[in-house]
Amino acid sequence: MKKDQVFEFFRRLAEDNPSPTTELEFSNPYTLLVAVVLSAQATDASVNLACRPLFAKISTPQQMIELGEEALRERIKTIGLFNTKAKNVIALSEALIRDFGGQVPRTRDELQTLPGVGRKTANVVLNTAFGEETFAVDTHVFRVCNRTGLAPGKTPEEVEAKLEKIVPQPFRRDAHHWLILHGRYVCKARTPECWRCVVADLCRYKPKTPMPKSARTATPESSATRTG
Ligand code: SF4
């Protein structure tokens, strides 16, 4: 995609959703970190459902350690891979206290020393908690970047490196949210909804999905719109 097309791509996503953010619920960098760790291979909705009552009582690593692994496991058992995740959350809480004075560190290298925290999680925390211009490449971002031709790559790292290079200001900070939301609600994995996509003319994906009959007969109120 050419430079002016990349600008236009993000300009339209921004126009459509001027203040994008994560759909995970959190109250501080620590609860965001925990929520992101819990969200691996799970939906944000399922994480929010389990974390809402948990975060009402627990907002620091010390409180999490006092809760303990067994009680945490019980509280997050509706989330996939909860056994491993409970272990990681307790271990990362211990590491935060031991190595970082109980605070969430602000560099990628430091974040990645924590149990259960990979590059993608670190990028989400840096971006969403600390306002850094990082590009977290999850399954949605990876798909959208490849399908559209915006930032094609064989691995998430390759896509991230391309995004780093091509995303212009003033879109760098929120780019990954726009891409996630676009992938989640419009450029869906199985069937991209090209007929209602604001960047369809800039996207190289072919053939574009035509508007289904059900959408053609729907009233304006009942037709599909983006929800986040
Ligand atoms: S036109 Fe279709 S494939 Fe391209 S970004 Fe939009 S929804 Fe995705």
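Exposed here means over 50% relative accessible area, buried under 20%, and partly exposed in between. All views are taken from a predicted model.

View 1. R11, at 31% relative accessibility, is partly exposed.

**View 2. R108 and E160 form a salt bridge between two helices.** The closest N and O atoms in this pair are 3.8 Å apart. R108 is in helix α7 (residues 108–111) and E160 is in helix α10, so the contact ties together parts that are 52 residues apart in sequence. R108 is partly exposed at 21% relative accessibility, whereas E160 is buried at 6%.

**View 3. The side chains of R196 and E193 meet in a salt bridge.** The N to O distance is 2.7 Å. R196 counts as partly exposed, with 21% relative accessibility. E193 counts as buried, with 12%. Elsewhere, salt bridges that share partners join E8, R11, R12, E15 and D201 into one network. The structure holds 18 salt bridges.

**View 4. A patch of positive charge lies on the surface.** The residues gathered in this patch are K154, K162, K165 and R204. K154 is placed in the loop between α9 (139–148) and α10 (156–166). With 73% relative accessibility, over the 50% cut-off, K154 counts as exposed.

**View 5. L126 is a buried residue of helix α8.** Helix α8 spans residues 119–130. The relative accessible area of L126 is 5%, which is under the 20% limit, so the residue is classed as buried. L126 and A161 are 35 residues apart in sequence, and their C-alpha atoms are 16 Å apart in space.

**View 6. C194 and C203 are buried cysteines.** Relative accessibility is 10% for C194 and 14% for C203. Both values fall under 20%, so each residue counts as buried. A search of the whole structure finds zero disulfides.

How values were computed
Residues numbered from 1 in each chain as written. Predicted model: local features only at pLDDT ≥ 70, side-chain atom pairs only at ≥ 80, totals over all residues. Heavy atoms only, no water. Disulfide = S-S within 2.5 Å. Buried < 20%, exposed > 50% of the residue type's maximum accessible area, 1.4 Å probe, protein only. Patch = residues over 30% accessible without salt bridge, like charges linked within 9 Å, V, L, I, M, F, W, Y side chains within 5 Å. Areas by Shrake-Rupley, 256 points an atom, 1.4 Å probe, with all protein chains shown as cover. Salt bridge = Lys/Arg side-chain N within 4 Å of Asp/Glu carboxyl O. Lys, Arg positive; Asp, Glu negative; His and termini not counted. Charge placed at Lys NZ, Arg CZ, Asp CG, Glu CD. Helix = DSSP H or I, 4+ residues; strand = E, 2+ residues; numbered from the N terminus.
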